[in-house]
Amino acid sequence: ILNDACGTRGLCFLLPTTATADAAYDTLCGYLRAHRPTPAVLTLVHNHSWLNAAYTDEMLAPGDGPVCTGDDSHTDEDDEDDGCRPAGNGGKGGSWRRILPDGWVRGWDRALLAQFTVATVDQALMAVLPVRDSALRMLSLSGKCVIVDEAHALTAFSRRILTRLLHWLGSLRVPVVVLSATLPGQEARELVYAYLAGAGHRRRDLRARADEFTVPYPGWLFADAATAQVALIPADARTQHDAAQQRTVTLRLRPAHYRRLDVPARRARTGERLARIAAEVAPVARLGGCAVIV
């Protein structure tokens, strides 16, 4: 959908940690398998990508080429998987599509060149730092939709570098989506300013329209690179979305005192914190549900 709307031909999904990048890789792999009728190379780009199960020798060794094996026929049971199983798994490998890069694209700096990439955000930030192959990384981002997820998780330094990256992407007219649920309004505006300034608009004029660039919460803001015009989520849609997401939380305080367990064999006594926790969790363990102990 993004490629059709923006005239791009690929996607780069940027996340703050290797763990979230690994999870996003599995999600995008399943999405491409479901929606792409033709082969599409997908890479996972971070310093420990070789530890991901998707990049095991069993997956990559045969032929070491960009492959998309299997046919379109699959059972309902197949639909329950993410589509990233290695060939030869339980005899069903022939029906599983695999979207794998060849050895050249798996290189440390070349992996971003793939049509679809999932990476930690530092891999893209290096495109605007004076480091080796920075121009290659910028080339890798051009022509794609760039999605920066969990932007609030970045440090102040990383966000500063992100504004520089957005400035360059705005200059190249690369469409960017920045996602965050808790990014302060001023920080969000600075990211928009950086992108539009790169697209050729004066920061002085943009800051004079600060109210227009306030991102509603919950909701979204779209800033057009060519005209610097802003579109916001409709007020009624925002109200409906806000109401649909509301939850009621009930807090009940229980008096308790803390005592070290010391040895696993000792049983917590009535009134101890561990005993209180066990009492609260017992119904969930017996009847089903979820409990979080922090």
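Visitor: Which residues form a nonpolar patch on the surface, and about how much accessible area do they have together?

Guide: Before anything else, keep in mind that this is a predicted model. The nonpolar surface patch is made of L2, V177 and L179. Let's zoom in on L2, which sits in helix α1, covering residues 2-6. Is L2 buried, partly exposed or exposed? Its relative accessibility is 36%, so L2 counts as partly exposed. The cut-offs behind that are under 20% for buried and over 50% for exposed, with partly exposed in between.

Now let's go from the surface to a strand with a lot of cover. Strand β1 spans residues 11-15, and five of its five residues are buried, so the rest of the structure largely encloses this strand. You can check that on both faces: L11, F13 and L15 are buried on one side, and C12 and L14 are buried on the other. What does β1 pair with? One partner is strand β3 (residues 116-120), in the parallel sense over five bridges. Here L14 stands opposite A119 in β3. Strand β4 (residues 145-148) is another partner, also parallel, over four bridges. In that pairing, L11 stands opposite C145 of β4.

Next, the rings. Searching the whole structure turns up one aromatic pair. It joins Y193 and F213: the ring centres are 5.6 Å apart and the planes meet at 80°, so this pair is edge-to-face. Y193 belongs to helix α7 (residues 185-198), while F213 is in the loop between α8 (203-207) and β6 (221-223), so the pair ties together parts 20 residues apart in sequence. Are these two exposed or buried? Y193 counts as buried because its relative accessibility is 3%, and F213 is buried too, with a relative accessible area of 0%.

One last stop is E272, in the loop between α9 (235-245) and α10 (273-287). This residue has a relative accessibility of 1%, so E272 counts as buried. What does E272 touch? Leaving aside residues up to four places away in sequence, the contacts of E272 are A256, H257, R259 and R266.

Notes: Residues numbered from 1 in each chain as written. Predicted model: local features only at pLDDT ≥ 70, side-chain atom pairs only at ≥ 80, totals over all residues. Heavy atoms only, no water. Patch = residues over 30% accessible without salt bridge, like charges linked within 9 Å, V, L, I, M, F, W, Y side chains within 5 Å. Areas by Shrake-Rupley, 256 points an atom, 1.4 Å probe, with all protein chains shown as cover. Salt bridge = Lys/Arg side-chain N within 4 Å of Asp/Glu carboxyl O. Helix = DSSP H or I, 4+ residues; strand = E, 2+ residues; numbered from the N terminus. Buried < 20%, exposed > 50% of the residue type's maximum accessible area, 1.4 Å probe, protein only. Phe/Tyr/Trp six-rings, centres within 6.5 Å; stacked < 30°, edge-to-face > 60°. Contact = heavy atoms within 4.5 Å. Pairing = 2+ DSSP bridges.
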